[in-house]
Amino acid sequence: MTTAATKARRVAVIGGGPGGLYAAALLKRLAPEREITLWERNAPDDTFGFGVVLSDETLGGIESADPEVYAALGRELVRWDDIDVVHRGRTLRSGGHGFAALGRHRLLELLHERCRALGVDLRFRTAAPPAAELAGSYDLVVAADGIHSRTRDSHRDAFRTGIATHRCRYIWLAADLALDAFRFEIAETEHGIMQLHAYPFGPRTATVIVEMREEVWRRAGFDRHDERTSIEQCGKYFGDLLRGSTLRSNHSAWTAFRTVVNEHWSHGNTVLIGDAAHTAHFSIGSGTKLAVEDALALAGHLEGARDLAGALRAYEEERRPAVESTQRAARASLEWFEDLAGHVDRTPHRFAFDLLTRSRRVTHDNLRLRDAGFVAAVEDEAGIPPGTPPMFTPFRLRGLTLRNRVVVSPMDMYSATDGTPGDFHLVHLGARALGGAGLVMTEMVCVSAQGRITPGCAGLYAPEHEEAWRRITGFVHERAPGTAIGVQLGHSGRKGSTRLMWDGIDQPLPDGNWPLVAASPLPYRPGVSQTPHALTAGELAGTREQFVRSAEAADRAGFDLLELHCAHGYLLSGFLSPLTNHRDDAYGGDLAGRLRYPLEVFDAVRAVWPAHKPMTVRISATDWAPGGTTGDDAVVIAGAFAEHGADAVDVSAGQVVPDERPAYGRSYQAPFADRIRQEAGVPVIAVGAISSWDDVNSLILAGRTDLCALARPHLYDPNWTLHAAAEQGYEGPGALWPVPYRAGSRRPPTGRGT
């Protein structure tokens with residue numbers, strides 16, 4: 001039975017934006033006896049911005065919760081399906097997307113009318129009393145007071161608020177334009193790149209947002225312009241779109257977008273909704289959508305829970321996953337526009353495809369469903385044969401041509417005996433070679449016994465190791481022709497002498513530990529890990545020679561490609577990061593000094609590795625920690641290895657220090673690969689939560705990477721690549737089934753059909 005506390009009979013709503021108004025209306029509609037008071041410090045006809053975009057999903061929720069509001073909205077909405085991308089004077093249109101919008105002012109009017117009809121007490125031009133005061137006299141306080149929420153800031157420690165300010169400035173404007181598509185337009189000016197986002201919210205009215213990097217904004221003089229001059233200048237930069245129409249403002253000011261997150265969305269009987277709780281960049285059109293969906297969820301849970309605390313907890317549990325997913329997509333979109341200069345030199349269709357798939361929510365496959373002709377034009381421009389998914393196009397590295405773009409990523413198996421790979425490795429790597437990937441990589445193969453992570457790590461420092469690896473490469477070459485096999489050479493550094501992963505990751509051995517070496521005498525986990533010995537000049541030379549001997553053995557063992565492991569906090573990575581390299585000799589200090597030893601090792605290995613065989617390097621593009629390696633550093637590091645002869649850079653991230661704070665998400669490391677590919681001009685391998693063939697196709701076709709390395713999907717399904725081909729109906733040379741398996745090259749029928 002719903003209690004009076006859950007009913008929240010006296011409700012205070014702070015903030016008269018769409019989220020606050022809709023929450024008030026829903027709560028009153030569901031329980032007419034409620035006393036609901038809403039405070040808004042501005043006048044009822046004051047609003048910021050112009051148009052509001054709502055998704056079909058959001059509209060469906062409104063229809064179920066309040067048919068009257070839905071019907072009123074339906075009479076006002078303008079709908080369209082297309083997106084125009086204007087790139088260097090050429091407009092490319094993609095259809096099938098589906099948008100609905102209306103003026104923000106009209107949306108507020110409709111919600112005002114609904115609230116008044118239901119009996120909500122609306123108090124405009126009135127600042128709300130402090131939330132703490134309201135919490136004492138009301139059963140529930142709904143804080144819908146926006147990105148600058150005073151409620152949230154007054155209880156910042158309770159909500160555990162985090163706010164990140166980003167690198168672009170933008171201004172929200174409008175124009176009398178009859179647009180029939182969402183429009184993205186790029187202006188390459190003498191000051192730098194500016195971008196415009198525009199969409200209709202009425203038959204002849206459009207929202208226009210102008211955005212640019214902070215440094216471009218300053219060079220263009222916008223930091224010194226008043227509002228009128230700013231608007232005039234924006235009109236000049238995007239005159240082709242305006243066609244004589246005048247831009248206008250509505251309390252418009254240049255600002256930098258801020259991403260708001262809160263670890264907790266409620267405190268006592270006060271709850272956050274909308275921008276007070278979370279923000280998502282406007283380039284994916286989610287602010288009002290999220291606020292309205294918050295209101296829907298909050299009202300629903302207040303009706304269904306036994307007590308107020310349970311209702312607020314259930315509200316957050318429902319909404320947080322969806323919000324965090326939206327914020328990840330919004331951040332990917334925001335960062336794409338921040339780094340726009342690295343994308344504009346793509347060919348027109350690939351640029352447009354890159355833009356449309358920037359948030360990772362639109363992909364190659366679903367864009368093809370929306371507009372097959374557009375995707376076909378992108379593939380044609382990229383030189384992809386008709387009927388061939390991008391992932392099944394070949395790629396050449398020196399004398400090695402990979403038949404497709406799929407790499408089985410290095411995965412430590414911890415199943416070797418004294419460094420010798422056995423039957424497990426033959427079956428593990430052999431199965432994945434039979435499974436169709438273009439390149440299968442070994443786990444990190446250690447160059448010495450001291451360089452192992454665990455006693456179960458594989459090596460290439462003894463004759464029996466070489467013989468065992470030759471058995472594996474021989475199987476791959478004989479039974480999986482067309483699949484290449486590569487070896488990843490590395491040294492554990494300060495992360496060595498630990499237990500097998502499943503026995504206690506990063507935990508020292510209970511006995512039999514061996515001494516560790518590193519760039520500096522810094523333990524990986526202070527108080528837990530062994531403190532390593534800082535390598536001396538003589539030891540540096542000796543370790544370099546170990547890499548050389550292992551490389552020579554790898555060639556004799558029949559490997560097609562060699563990768564030098566300079567990532568994840570292992571020995572060579574430890575030299576690159578300022579967090580782990582505190583040396584005061586030639587191998588420390590600035591980035592050039594920290595690069596010196598890894599480059600010396602690379603040069604020595606490249607000198608003995610056959611000239612026709614490719615060599616790659618894996619790096620951590622960021623340490624995900626303050627003071628560590630940054631994306632800017634990664635471009636320099638990748639460029640240095642490329643200058644020394646690296647054929648590709650395998651772009652991973654993190655695992656350098658234990659207190660890292662990764663920004664996880666789908667394909668979350670791919671932007672680092674993209675940036676390195678564009679700025680360092682070297683082929684890249686993208687890695688990190690790439691899990692579907694649709695992701696691989698999207699990344700390849702957009703030009704963000706050359707190869708995609710997948711780990712866990714290949715643990716789940718050794719035949720992942722062949723199954724990806726079957727699911728896409730592809731039967732070409734990029735995915736050849738082994739002769740004994742050809743009878744299974746089509747998906748088995750399902751169900752009980754006869």
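## His 343, tucked away

Let's start with His 343. In this predicted model, the residue has a relative accessible area of 5%. That is under the 20% cut-off, so His 343 counts as buried.

## Who His 343 touches

If you skip the neighbours within four places in sequence, His 343 is in contact with Trp 336, Phe 351, Asp 354 and Asp 674. Asp 354 also has a polar contact with His 343: their side chains are joined at 2.7 Å.

## Holes inside the protein

How many cavities of 30 Å³ or more turn up in the whole structure? The search finds 6.

The largest cavity has a volume of about 70 Å³. Sort the lining by class and you get 3 nonpolar, 5 polar and 3 charged residues.

Next comes the second largest cavity, with about 60 Å³ of space. Among the residues lining it are Cys 566, Ala 567, Leu 576, Ile 619, Asp 623 and Val 656. Which elements give two or more residues to this lining? They are α21 (571-576) and β25 (615-620).

By class, the lining of the second largest cavity has 6 nonpolar residues, 4 polar and 1 charged.

Key. Residues are numbered from 1 along each chain as its sequence is written. This is a predicted model: local features need pLDDT of at least 70, side-chain atom pairs count only at pLDDT 80 or more; totals for chains, interfaces and linings use all residues. Side-chain values use heavy atoms; hydrogens and water are left out. Buried means under 20% relative accessible area, exposed over 50%, partly exposed in between (1.4 Å probe, protein chains only). A polar contact is a pair of N or O atoms within 3.5 Å; within protein, one must be able to donate a hydrogen and the other to accept it, and residues adjacent in sequence count only if both atoms are side-chain atoms. Contact means heavy atoms within 4.5 Å. On a 1 Å grid over the protein atoms alone, a cavity is a set of points where a 1.4 Å probe fits but cannot get out, and a pocket is an open set with protein on both sides within 12 Å along at least five of seven lines; lining residues have an atom within 4 Å of a point. Grid points are joined across faces, edges and corners, and a volume is the space filled by probe spheres set on the points. Ala, Val, Leu, Ile, Met, Phe, Trp, Tyr, Cys and Pro count as nonpolar, Asp, Glu, Lys and Arg as charged, and the others, Gly among them, as polar. Helices (H or I, at least four residues) and strands (E, at least two) are DSSP runs, numbered from the N terminus.
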